[in-house]
Amino acid sequence: GTNKIERYIGRLDLVNVDIANLSKKIQKVDQISGRVDFQPDLLTVQSLQGTYSDVPFDASGTVESFKELRLNGRIRSNLDLNKILALAPEEQKRMLSGLDIQGACEAVTTLRGSLRTPAEIETEYKLLLKNATVAVKNKKPFMRSLNCGIVMNLRGLQIVDARFLSGPRAYLLNAFFPKIKTAPGNLSLQSSGFRIGMDYFVEGNDLRVPSGKFRYLGLSADFKGKVVNFKDPFLNINGTASLDLENARELFTRHAPFLKEAGLSGFLAGPFTLSGAWNQPLDWDLKLDAKTDTLWVKKTRLDSFRTQFLLKERKLQIPFLHSALYGGSFGARALVDWSRPKPYFDAKMYANNLNLSKIGASLDPPKKELAGNMIFQMGLRGYMGAKENWRGQGAFSVSKGHLWKSSLFKQMGHLPFVKVEGLDTVTFSEAGSTFSIHHQRVWTEDLTILGDTVDLSLEGSVGFEQDLNMEMTVQYSSAVLRGALDTGGLVP
């Protein structure tokens, strides 16, 4: 007969053992040291240390059932990231090719399956990056101080809680890159006041995006399109954008400081197209058509607001802006040029047939007696933040109106030997002027204010801080002079 040993416990100690031809993929493992415990249908490795392709490792795990040889193992290593990535599967290495990744890394490889069918063993790679940098080869790093987890398995490559610096900003990134091209991936990137999320399909080095969402300081967009070369992303997208003006104050502070005190509120929305590097918004090629039923500038209401924004070569153009305003119309066009050492602007605006009675009702306190029609136009240019260099010109006119009443000219009606009627209270009904803007002041040489019995002519300037320096000439109105001629003159 044959004696059968059903219970046993064994132990194998290895010291600097080299193993060759372990499998088709693993030709050689060097300097194996550690302990292997075994008993019926169970082999246990607590810690087995060695090197593979010059990468030190520490392995642990079990092999269950000596008939099926079911493996459940882990391999840990700490070394230069690029050496560890060299051991990754070819598909995963292709996805990371072209990137220069530097930093400390802890790697954990998990193996599950039967040793009898090595090709079917499920392998998962988990990398923990510490204080790493990422750059497109031969370029400056676009990620610094990167800490994250990377998981590579049969499904694809997953980036977990990647925290890094790019430029002056801190970001959090989560992403999944599928191994199968027809499977969808996803990406989420966020920073202070900023968030972008999208689903995509991998097409070579590009990402096709069927849907995505973007949020940034009151600006939001739903988009689709393409991300060219996801390793150094270049956006080519289109969709619908909206801007919550009341919650965009920080956005204006960062990118359009001349708007931050404008008291804007309302929602602008419309279609857009965009192309450009993901992290260089001033270099984007952007077109946005925007409109809203009602937009507020402090207490001023603009209805049926329509505009267009064009950004190209660091120049923002607003070719048109139209709205209804106080019973009339308002329009503007503008250029903001960020390509110069200092941001430069050039703006023109106009208003036609403004109803002064509606303006008066909106004032605090209201001025119910104000009436008339007003037209206005102005151009202004200069360097943002440098009011001393601003230059401009313009004109305005008020007709068929009621501006204000005054009793200051009463004494003009009581000259020696002459009394002029109608000067006890003078009503001013029309006004007009051309003006220029320079040296932080608005200058005029021909401001006229016409009344029923007195006309005013003013020249001088008003400062940006509303300090007044004007000379005024007072004369009888043309109506009074015509009446004097009819009666033989003012003086008998």
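A salt bridge is here a side-chain nitrogen of Lys or Arg within 4 Å of a carboxyl oxygen of Asp or Glu. In this predicted model, a search of the whole structure finds 17 salt bridges. The close-up views below present three of these pairs in turn.

**View A. The salt bridge between Glu203 and Arg208.** The closest N and O atoms of Glu203 and Arg208 are 2.9 Å apart. Glu203 is partly exposed, its relative accessible area being 35%. Arg208 is likewise partly exposed, with a relative accessible area of 35%.

**View B. The salt bridge between Arg70 and Glu68.** A separation of 2.5 Å is found between the closest N and O atoms of Arg70 and Glu68. Arg70 has a relative accessibility of 38% and therefore counts as partly exposed. Glu68 also counts as partly exposed, at 41% relative accessibility.

**View C. The salt bridge between Glu106 and Arg76.** The side chains of Glu106 and Arg76 meet at an N to O distance of 3.2 Å. Glu106 belongs to strand β6 (residues 99-114) and Arg76 to strand β5 (residues 70-80), so this pair ties together parts that are 30 residues apart in sequence. Glu106 is partly exposed, with 22% relative accessible area; buried would require a value under 20%. Arg76 is partly exposed as well, at a relative accessible area of 36%.

How values were computed. Residues are numbered from 1 along each chain as its sequence is written. This is a predicted model: local features need pLDDT of at least 70, side-chain atom pairs count only at pLDDT 80 or more; totals for chains, interfaces and linings use all residues. Side-chain values use heavy atoms; hydrogens and water are left out. Buried means under 20% relative accessible area, exposed over 50%, partly exposed in between (1.4 Å probe, protein chains only). Helices (H or I, at least four residues) and strands (E, at least two) are DSSP runs, numbered from the N terminus.
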